[in-house]
Amino acid sequence: MTDVDMDELMENLAQCRRCGICRNAVYEDRGFNGVCPVWKNSSGFETSFMRGRLQVAIALLEGRLEKTAENAESLYTCTLCGNCTAICAAEFDPTRCLENVREILNEIPNESRDEIAKKIQIYNNPYSENNSSRRSWAVDIGFDIPSTGEVLYFTGCTAGLKLPETAKSTAHVLRAAGVDFAVLEDEPCCGSVMIRTGRSDSARENAKRVLEKIRNSGAETVIVSCAGCLKTLREDYNERFGLDMPKVLHVIEYLLPMIQNKKLKLKPFEKPVKISWHDPCHMGRALGIYEEPREIIRAIPNVELVEMDTNRAATMCCGAGGGLRSYDGEIAKKIASDRIKSAQEIGADILATACPFCEHNLKDGAERIESKIKIVDILDLLSQQLE
Ligand code: SF4
Ligand code: SF4
């Protein structure tokens, strides 16, 4: 079942002027230095950037192109980063259109998409891990974390199962700020990747279960340390599924006022350090959260915030989003290497971000080009610099 209005979608797709700006335009005044990270790191064919993807989508929807996995490939080699939407002058959102096309055409075979959805349904996470180990990071943290309370820390699959240090750091920083918080006993996946890859049918059912668990915890505010969870819980649950969520904030939005009023004190780095900020697409372009992380970084003594050639609304994606890391991991890692090179070019010692999925892919991208740059989650940075 889909809520996507087919007529509206076709009207929107027809708005594309085929100008091609979404391929590799450079607009210095707006901070754009290239647009599509996939085009840059793949064949360079028409179907490797948004203009071509949309023409393929229209042909598939109109039945002029047979609905085969091969013909639909270009619909999935896209991170849904939104850079093309940010630069497109036509009156539509090409990235959202592509997301909707994936949803409408989800009968076209796609092993990677269906495998992810199946794993989430079976394991409650996309990594096929035993979900009961998701809270293991909290065992030796040194204090008890309840499973119910007014403030709920929703850890997300990647921090919970792959990068537990981020979950630990978040817990330490919240405790240092005097926040009483809870963590669910058997936290499920938020379903972000199902929405992005076109499995909204499964995502809707999943979202209802997630909301029930959140409500049962008594949460009035949900805080997350993952940009993907943030967009999904804050925006998609309501906008796509009509669910009434409590307030959802990224931890850094929640903590910024406490840093500003010195409730949370940060110690200086021993030596001067240059830190650059990678804007996660789901947090920056999608929700407009650009300045909060920068203010936090500037608040750490002995730190100089340095900006990459593309940042904020023009930022280049880390390469992992939209299911691309599962669909074509090589392109995803090449894109991440580009981001690492951008950070190196401006002399950054540390590249910080606020999404474990970005962090994971950026680390792979750094390894690919043997870069020594340090990639950290901002919560790890804050935990390390707690006074
Ligand atoms: S999606 Fe927008 S920028 Fe790209 S070709 Fe169409 S109108 Fe131009
Ligand atoms: S959303 Fe990003 S990756 Fe996808 S076509 Fe647009 S610029 Fe390229």
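Predicted model: local features only at pLDDT ≥ 70, side-chain atom pairs only at ≥ 80, totals over all residues.
## Overall fold

Residues are numbered from 1 along each chain as its sequence is written, with chains lettered from A and ligands numbered from 1 in the order in which they are written.

The C-alpha trace spans about 60 × 45 × 35 Å along its principal axes. There are 19 helices and 9 strands (DSSP runs of H or I with at least four residues, and of E with at least two, numbered from the N terminus).

## Domains 1 and 3

Three domains divide the protein: domain 1 (6-104), domain 2 (111-257) and domain 3 (264-384), with bounds from an automatic or database domain assignment. The centres of domain 1 and domain 3, taken over C-alpha atoms, are 25 Å apart.

Here 19 residues of domain 1 are in contact with 22 residues of domain 3 (C-beta atoms, placed from the backbone, within 7 Å). On the domain 1 side, β2 (32-33), α3 and α6 each supply at least two residues, and α3 gives the largest share, 3 residues.

## Around ligand 2

Now to the ligand: 15 residues surround ligand 2, the closest being Cys36, Met50, Cys78, Cys81 and Cys84 (C-beta atom, placed from the backbone, within 6 Å). The elements giving two or more residues to this shell are α3 (37-40), α4 (50-62) and α6 (83-87).

Conventions:
Contact = placed C-beta atoms within 7 Å.
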